[in-house]
Amino acid sequence: MLHPHLWPDTATVDDAGQLNIAGVSAAALARQYGTPLYVFDEATLRAQCRAFRQAFESRWPQSTIAYASKAYLSLALGRLLLEEGLELDVVSVGEMDMALAAGYPAERLHLHGNFKPDAELQAALEAGIGRVVVDSLDELERLEALAAVRKQRVAIWLRLCPEIEVETHAHIQTGHADSKFGLSGNRGEPLEAVERAIRSSWLDLVGLHLHLGSHLRDMEPLRRAVTWLGEFAAMLNVAYGVNIRELSPGGGLGVAYTPEDHPPDIEAYAEAITDALRAVNADFHLEPPRLIVEPGRAIVARAGVALYSIGPRKVTSGGKVILAVDGGMGDNIRPALYGAKYHAVLAERVTGLALERVRVVGRYCESGDTLIDAVKLPAAVTGNILAIPVSGAYHLPMASSYNLVPRPVVVFVKEGHVRLVRRRETLDDLLRLEREE
């Protein structure tokens, strides 16, 4: 049977052993739309948005949930997030324009990134972006100059590097001393940035931001980070008379990818952050700031299921079974990039006896194109549909057309209804930017 902490809320297995999502057969979807196919359950997306909002607003009423768009963003998802009352973090003009096209008011967007070219900063100002999250002294200078030309006051957060390390993959740690992100305290950059901002007629220093990393499981570093932010805000109030109105301790709550995974839940995450904020707020008698928390993966990951068709089956001389599927690192680079682990089932034989231990590999011309190193499945044959849960985050945004393989189709499902939200990439799409002259 299914492990419920890995699958969408509406995932069920019928009497024939077939996987259904929101009342729709996964295998039928795969055969109607082709594979690879990404299926998102709207009910799970909305439930996760509401769970985050309730957990934080009940503990700290001045809370806002800002979805981290880099986890996955589309027009359909943007509209759903807007309906659920979330703000959005964006890290490029592309993400900003996608959000605007989905109907997001620009004032509900926060522009992040360690290098925002002048053209992106200019576009953000023209759109009326809600917050620019300043990552360096260079960026602060360029942003002020652009704002001065437009005679437009812009609200900013300063991204600080607290030099707090966390237990997650090195590639997704972002708050340690050697991080490329944020103003470095050991060189006095945060205070210099504050001084420049408060002298400027065009910069409104609204808040402070940090982010320790992604896929976090230990809440103690988060507590320390919130305390660090609050103490820094209190110091600015005493030293400069600055009232920091917003604090953003980032996001990064981990999710379960395999049956053995059991990361902290949303309630524990909210309690860790708000408890630390209450304590530091009381210690320094601060005016309660607006708290902005930025989950991405934890909202979308479990809502998404990737479906593949199984192709060739190979048994090595050592007796290992290898199953090839028609996707791989082109639509899910995480195993190759981070060593990420996944679970899988056969969509039409979920309840079958899992007698084989197999390695699932992709179709791309790389030996490292492995989706799952080892998973137990019923004996699979060509044409079977493989379903991999927890596929909603960091698959599609990092997808590529490596080997010139078109990127996959995406559907949303809700109460038995199916919505095509992204068609499959075609050869024409791959060729349209090419020029012969």
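**Strand 4 and its surroundings**

Visitor: Which residue is the bridge partner of Leu37 in strand 14?
Guide: This is a predicted model, and in it strand 4 is joined to strand 14 (residues 304–315) by 4 bridges, with the two strands running antiparallel. Within strand 14, the residue that pairs with Leu37 is Leu307.

Visitor: Which residue of strand 20 does Tyr38 stand opposite?
Guide: Strand 4 also pairs with strand 20, here in the parallel sense and over 5 bridges. In that pairing, the residue of strand 20 opposite Tyr38 is Val410.

Visitor: Is strand 4 largely enclosed or largely open?
Guide: In a regular strand, side chains alternate between the two faces of the sheet. On one side of strand 4 lie Leu37, Val39 and Asp41, on the other Tyr38 and Phe40, and all of these are buried. Because 5 of the 5 residues of strand 4 (residues 37–41) are buried, the rest of the structure leaves this strand largely enclosed.

Visitor: Which residue just after helix 3 takes a positive phi?
Guide: Helix 3 (residues 75–83) has Ala76, Leu77, Gly78, Leu80 and Leu81 as its buried residues, and these pack against several elements, including helix 2 and strand 20. Just after this helix, a positive phi of about 80° is taken by Gly85.

Notes
Residues numbered from 1 in each chain as written. Predicted model: local features only at pLDDT ≥ 70, side-chain atom pairs only at ≥ 80, totals over all residues. Heavy atoms only, no water. Buried < 20%, exposed > 50% of the residue type's maximum accessible area, 1.4 Å probe, protein only. Contact = heavy atoms within 4.5 Å. Pairing = 2+ DSSP bridges.
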